[in-house]
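Good morning, and thank you for making time on the agenda.

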Amino acid sequence: MKKKIKKIKIKLNGKIKLISENIKMSDLIKRFKIPINKVAIELNREIIDKKNINKINIKKNDILEIVHFIGGG
Amino acid sequence: MEEVKLKKDKLIIANKKFSSRLIVGTGKYKNMSECAKAVKLSGAEIITVAVRRVNIFDKKKPLLMDYIDPKKITYLPNTAGCFNSEEALRTLRLARDIGGWNLVKLEVLGDKQNLFPDMIETLKSTEVLANEGFKIMVYCTDDPLMAKRLENSGASAIMPLAAPIGSGLGIQNKINIKIIRNQTKLPLIIDAGLGQASDAVIAMELGCDGVLVNTAIAKAKKPYEMALAFKNGVIAGRQSYLAGRIDRTLSGRPSSPFDGII
């Protein structure tokens, strides 16, 4: 029988998302096709070192902000 | 000879040299390609950019960096839309992490109607950012005392408004701009409120080191032509300033000699 993967709730760029438990930041970046060299990432109000994304586990209720540059004055 | 002289006339901000004295904003364009073409025509080497959430759910949305190469043009992250020091600091720390550069534009707004800068929050933010190693170009009111305080707090450039952001009213207080010019050796850049190329000429003739323009180009009926007009206006104003204007007199002075009149 296939084991059911448990889902956790996180907030990603202001929106609630359900993602699989035990996934790493790098998996999330891959899944959403984020161009890592063109963004900055904040996890629970702390800027994370992008070199460490494969070491960071996403936990329940984490708040993630992924930002980039857009046109502005 | 004169051309050689002007070639050596560089805008220096935080030890970085720029040939163009026009900085352009990248907001309010119809699309990214219009923005990129206007930037190119303006000759600007610095562009302001905003820091916003990535649209995770729409992958097709074009990215600014795909249109304007940050290796060729200096991106100046801006805190437009921040209304207190905390928001501005958070934004610029994130901006530094995106590109890895320290040169930023600080803009802390105080009122949504006129978009005037909140100078108390701006001053507070300047001190913190300078201590964190940022090179800060600071959007501010045209108050000479406040400009001095920003300078003493570690600002890398003073950027007083000409008039409210996006208003197109041109320089409203030439005297204050002149006073600030005379009191500071920091780069002085007019930021916000310009409407047409002649406003840039006036700013440069007052002795400013540069101007920052967004709306006047992006919202002109013909943005490409206006980008060129501002480019030429900044050059003309700078040349005029360096050339040194004649004294003003209240009486006429003939251009032709009276001697030898028949």
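This is a predicted model: local features need pLDDT of at least 70, side-chain atom pairs count only at pLDDT 80 or more; totals for chains, interfaces and linings use all residues.

Let me turn to the geometry. H8 of chain B covers residues 197-205, H10 of chain B covers residues 223-243, and the two pack at an angle of about 25°, their axes being 7 Å apart. Angles under 35 degrees count as roughly parallel, and H8(B) and H10(B) are therefore roughly parallel to each other. On the H8(B) side, the residues in contact include Val201(B), Ile202(B) and Met204(B). Among those they meet on the H10(B) side are Phe230(B), Val234(B) and Tyr241(B), together with Gly233(B) and Gly237(B).

I now move to the contact between the chains. Chain B contributes 28 residues and chain A contributes 20 residues. On the side of chain B that touches chain A, the elements giving two or more residues are strand E4 (46-53), helix H3 (64-67), strand E5 (74-78) and helix H4 (85-99) of chain B. Of these, E4(B) gives the most, with 6 residues. That side of chain B comprises, by class, 16 nonpolar, 7 polar and 5 charged residues.

Which strand of chain A pairs with E4(B)? It is strand E5 of chain A, residues 63-71, and the pairing is antiparallel, over 5 bridges. Within this pairing, His68(A) has Arg52(B) of E4(B) as its bridge partner.

Thank you for your attention.

Conventions:
Residues are numbered from 1 along each chain as its sequence is written. Chains are lettered from A and ligands numbered from 1 in the order in which they are written. Axes are lines fitted to C-alpha atoms, for helices over the stretch in contact, and angles run from 0 to 180 degrees between N-to-C directions. Helices (H or I, at least four residues) and strands (E, at least two) are DSSP runs, numbered from the N terminus. Angles under 35 degrees count as roughly parallel, over 145 as roughly antiparallel, 65 to 115 as roughly perpendicular and the rest as oblique. Two residues are in contact if their C-beta atoms, placed from the backbone, lie within 7 Å. Ala, Val, Leu, Ile, Met, Phe, Trp, Tyr, Cys and Pro count as nonpolar, Asp, Glu, Lys and Arg as charged, and the others, Gly among them, as polar. Two strands pair if DSSP finds at least two bridges between them.
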